[in-house]
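Colleague: I'd like to go through this one with you and ask where your labels come from. Can we start with the ligand?

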Amino acid sequence: MRRVTLRGLQGHLVRLLLTAAAVMLGVSFVTGTFVLRDSFDRALTGLVAGSTAGLDVSVRGTRIGGGDGTRAPVSLELVDTLSAVPGVARVTPDLQGVAIIAGSDGNAVRTNGAPGLGFAFADDDPAFKLIAGRGPTHADEVVVETVTLDKAGLGVGDRTRAVIGATTRPVTITGEVEFGVLFGATAVLVDQATAVREFAPDGTVASITIGAQPGVSQGELATAVADVLPDATEAVTGAAVNAEHESAVQQGLGYATTFLLVFAGVALFVGAFIIANTFTMLIGQRARELALLRALGASRNQVLGSVMGEAAVVGVVGSVLGMGLGILVAHGAKAAIRALLGVDIGSDLPVTSATLLISLAVGTLVTMVSAILPARRAARTAPVAAMRADTPIAQKGLRRRGTAGGVLLLVGAGVLGSSVARDDVPWVLAGIGSFVAVIGMLVGAPLFTRPVVRVVAWPFVVVSGVVARLARQNALRVPRRTAATASALMIGLALVAGISVLAQSVKASVTEGVSNELTSDFVLTVSGGVSTVPPTVAEDARTLAQAGSVAAVSLVPVTIGDFSTPAAAVEAGPISENFRISMSEGRLASLKDDHVLVDHSTAATQGWRVGDTLIATVGTLGKHELVIGAIYKDSQAFSSHVIVDRGLYEAAVPLGLRVDREIFITAAPGADQTELRAALLDIVRPYLVVSVQDKDEFAKAEGGAIDNLLNLLYVLLFFSVVIAVLGIVNTLALSVLERTREIGLLRAIGLQRRQLGAMITIEAIATAVFGAVLGTVLGLGLGVALQRGLESQGLNTLGIPWGLIVIMLMASVLVGVLAAVAPAIRSTRLVILGAINRV
Amino acid sequence: MMTSGTTTVRPPDESTESAGERDKIAARAIGLTKTYGDGQARVTALDHVDVEFASGRLTAIMGPSGSGKSTLMHCMAALDTPTAGRVIIDGVDITHLKDKALTRLRRDRLGFVFQAYNLIPTLTAHENITLPMDIAGANVESGWFDTVIDTLGIRDRLTHRPDELSGGQQQRVACARALLGRPAIVFADEPTGNLDSRASAEILSFLRASVDDFGQTIVMVTHDPSAASYADRVIFLVDGRIVHDIADPTMPVVLAYIQELDQPRVEV
Ligand SMILES: Nc1ncnc2c1ncn2[C@@H]1O[C@H](COP(=O)(O)OP(=O)(O)OP(=O)(O)O)[C@@H](O)[C@H]1O
Ligand SMILES: [Mg+2]
């Protein structure tokens, strides 16, 4: 029987290679993910170690309110106390803040919203290395990190402008330093005095780094230091800090890996369809051969073993190819990461044996599991089938299968629909409903083949008559096969459609919410990323005669029990002049001192009522009593769930850390909008990164924030679509082979090559569009359900991405055309006679 | 359903056709040679064959298996390209025609009936019959269509798909398809090879009738001496050469010649 397996492989080499290609793509995703994870792991571990170089003990504030609350600041006055501790060699306060320089073009040097970091320069600081020039000596001198300097198009000795903390000033670049990996952040270093003034204006920092004298262990030093520490501060060893960073890195990597593996799973799932389909067809074509083997005495298990052997070989070959491709993909991703984030994750990529083993196991297993059903069918071939002439492929059970699929689809949709209609959505139940609906669609797809393919083929039939009719009949010949082929595309496109409905709804909800709720004329903001507006901008804006009302919004972390959120800090007056905040209970004016506002859904889930007193941690204030002053309706323009008064914010946030997230400005009555805009532009110009948006621009930008994530998802799903295309190629090629004689006959009685090619192309288009239609319907259904479910969370406007749907359907036509190229060429090369004479 | 229309069926052994009346040539081969393979494995399937098929006649090609009958027919029907020699169909020298022109020629001027697998399984009998016309985008003359299907007695089978038809019915549908386009010549390769004697007789009667009543030209390969007796002429091929040519064959004459052919072989 081994020879039968080998011959089987030989005879269908191309087919099996195409199948292996489907395995390959899925596996490459897995391999790529693991290789990238390992490289990041290595790069970040190196980075963590590098970032704590020279750190033997770190002194920092304890967490306010315990748990994972924010840490209390550490006073700079501690530096002298610490320096006096025996065994201490070096004490450096970790002075860090915002610092951004203007490049040679006058614009701020930034990468995709990554922060612009400012540090204090010290000659002996092991965290960086001076590679050119000298350190800064006064406020008008800076040292710039080498990649940042490169991006700026500037060099040592050049003059430019810089935002350092809250001030903007002309500076001279006196030196260039090298850092470890900054993940796209830019870095500017200033002299100690400036750093203290700008980054620690209230005399506090986040932590203080201590270096030990030779021979003093980290543990000994930490104990010694702890003795002199005041309340609410702690001393931890460098090793402990390292371990903390390490576990944070691992956790982040874990999330990213899981996220990528989900898409690898989708790709493999789609691939499984193609594998099963290919084996079904190969076995169908070999039915007589297998029957002959059975007649000659081969047992069922031998036939099963022979087919599974083929599957194993295909799986291994596909997996090995997939590993290779995966490593290439990882290299590509590495280059993309370097280009986009400016992060170099190491020159070579670690390919561990674990990665290879997992990839091989996953690929081979998926292939073999997918081949089990067809192989069992093969094993059941009756020996008598060898005697029969052409055994028609069994068509029975289609209706039963369709009914089962329809019922599953309806039940799934019903469960999903009723779940998301509830106020408190049972997400697990909704998930089960979606899953059942998807399975129902997959099971029932063969029954939908006829109506959908008829409609899809209709325009072709009108245009090209009999050729299209032949194509349509071919697509309808084995509905199960057409459906299985289309399913791969269906799944990929269902995900695309579902995700894009969600994204479109987010955009629509945000845009609509913002334009409904926002009454101000202009918004000053730092577009994208984590950067913020220096508080002086708001002060300057208030001096403008054209500005009627200026509302600055800052964020402050608030923790109440298990609930943690960045609360918006505003003043009641200005905010009501710039926003239309609808109250569901109480008045906006109650926002004062310790009285806070909470949005409706948060109040509902937490069970808070107006007048409740809560013990909270607000910024640096622990165990602070807050009173619910009023409850407001969930807001889009105002994404915060909790609003606190500005006075409370100032008490809770040290001066140096106070920054504004956004500043909203309404023109004074009768003031000219253009003039106001010009005046605002004048104000923000020195700050380099602050932009002026009008209401519409702001709404659009807020809604557009989701686009980057969306594009990443599309790229990841693209893999599944490529696999789906391979599946169509495979099915078509096999069915051309299966229909060789028929094609010969058609050619004999006068079908031109071109017409034959057209026939196969139309069949492919019908199959692809069928899959796209089913996928789109499924995706739309799931997307709409999701939106309904999230309605109470503020996703109240349904957005259907019609443009994308049209593009998707048109692209599926293209997919069909592409998939048909090879089989069509192959079919037109068939020698008529060979085709006719084939028995 | 096995009735064969209203055709005048001529008894096979009463051949009274006068050959001289229709001497127009429908197809001609000049020095037709076809070889397969190279060197040691070289097979000469056709060896300088010169033959003419007259218009309005039913010609049978006979010969032992492997003698080149199918090859001759394929070369003459523009399904295969000869190694040397020329083929002229309906006055057109097809030797140097490109695939596109050859396809058009087959579609518009030739009809085919094969031994098996004659029909497209996804199409109904009706659609199969009109397929060449549909491919050409030509209109089907409804009068002629009715005549053909009534002659073949397949009117009540038109909406059926091939797998719902018996072998004999399938061959009749194939005949209808071959005739519908009024081709210059119909090539039939063992059209009755898979049928029992009764179904064979029906098909052969129909082919005969279409020659007599509609003036159709037919060239048919067969192994069956009784089938050959329906023909106006039988040519015998042996080792790729025409070795005998019988006008107005009858069953005894054909049988006698076949025995004569076999004789030396037995001795060798
Ligand atoms: N494609 C091919 N390659 C090689 N040799 C071929 C090919 N087709 C036919 N032959 C050879 O050419 C010769 C004539 O074959 P052909 O099919 O014309 O015979 P035939 O008279 O039709 O036989 P039968 O009565 O069995 O159908 C045979 O020897 C055959 O082996
Ligand atoms: Mg033959």
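This is a predicted model: local features need pLDDT of at least 70, side-chain atom pairs count only at pLDDT 80 or more; totals for chains, interfaces and linings use all residues.

Colleague: What makes Thr71(B) a polar contact of ligand 1?

Modeller: The cut-off is 3.5 Å between N or O atoms. A polar side-chain atom of Thr71(B) lies 2.4 Å from an oxygen atom of the ligand, so the pair is within the limit of 3.5 Å.

Colleague: And what about the backbone, say at Ser67(B) and Gly68(B)?

Modeller: A polar backbone atom of Ser67(B) is 3.2 Å from an oxygen atom of ligand 1. For Gly68(B), a backbone N or O atom lies 2.9 Å from an oxygen atom of the ligand. Both fall within 3.5 Å, so both pass. As for cover, the protein takes 59% of the 630 Å² of accessible area that ligand 1 has on its own.

Colleague: Now the two chains. Why is the pair Arg469(A) and Asp134(B) called a salt bridge?

Modeller: The rule wants a side-chain nitrogen of Lys or Arg within 4 Å of a carboxyl oxygen of Asp or Glu. Here N to O is 3.5 Å, so the pair qualifies. The count between chain A and chain B is three salt bridges. The rule for polar contacts finds eight residue pairs across that interface.

Colleague: Which helices of chain A supply the side that touches chain B?

Modeller: α13 (466-477), α22 (740-748), α23 (753-789) and α25 (832-837) each give at least two residues. That side of chain A divides into ten nonpolar, six polar and seven charged residues. The contact takes 23 residues from chain A and 25 from chain B, and the buried area is about 2,300 Å², with 64% from carbon and sulfur atoms.

Colleague: How many salt bridges are there over all chains?

Modeller: A search of the whole structure finds 30. One of them joins Glu244(A) and Arg60(A), 2.8 Å from N to O.

Colleague: What makes you say that this pair ties together separate parts of chain A?

Modeller: Glu244(A) sits in helix α7 (residues 238-285) and Arg60(A) in strand β1 (residues 57-61), so the pair links parts that are 184 residues apart in sequence.

Technical notes. Residues are numbered from 1 along each chain as its sequence is written. Chains are lettered from A and ligands numbered from 1 in the order in which they are written. Side-chain values use heavy atoms; hydrogens and water are left out. Contact means heavy atoms within 4.5 Å. Buried area is the accessible area (1.4 Å probe) that two parts lose on being put together, summed over both. A polar contact is a pair of N or O atoms within 3.5 Å; within protein, one must be able to donate a hydrogen and the other to accept it, and residues adjacent in sequence count only if both atoms are side-chain atoms. Helices (H or I, at least four residues) and strands (E, at least two) are DSSP runs, numbered from the N terminus. Ala, Val, Leu, Ile, Met, Phe, Trp, Tyr, Cys and Pro count as nonpolar, Asp, Glu, Lys and Arg as charged, and the others, Gly among them, as polar. Accessible areas come from the Shrake-Rupley method with a 1.4 Å probe; for residues, only the protein chains shown count as cover.
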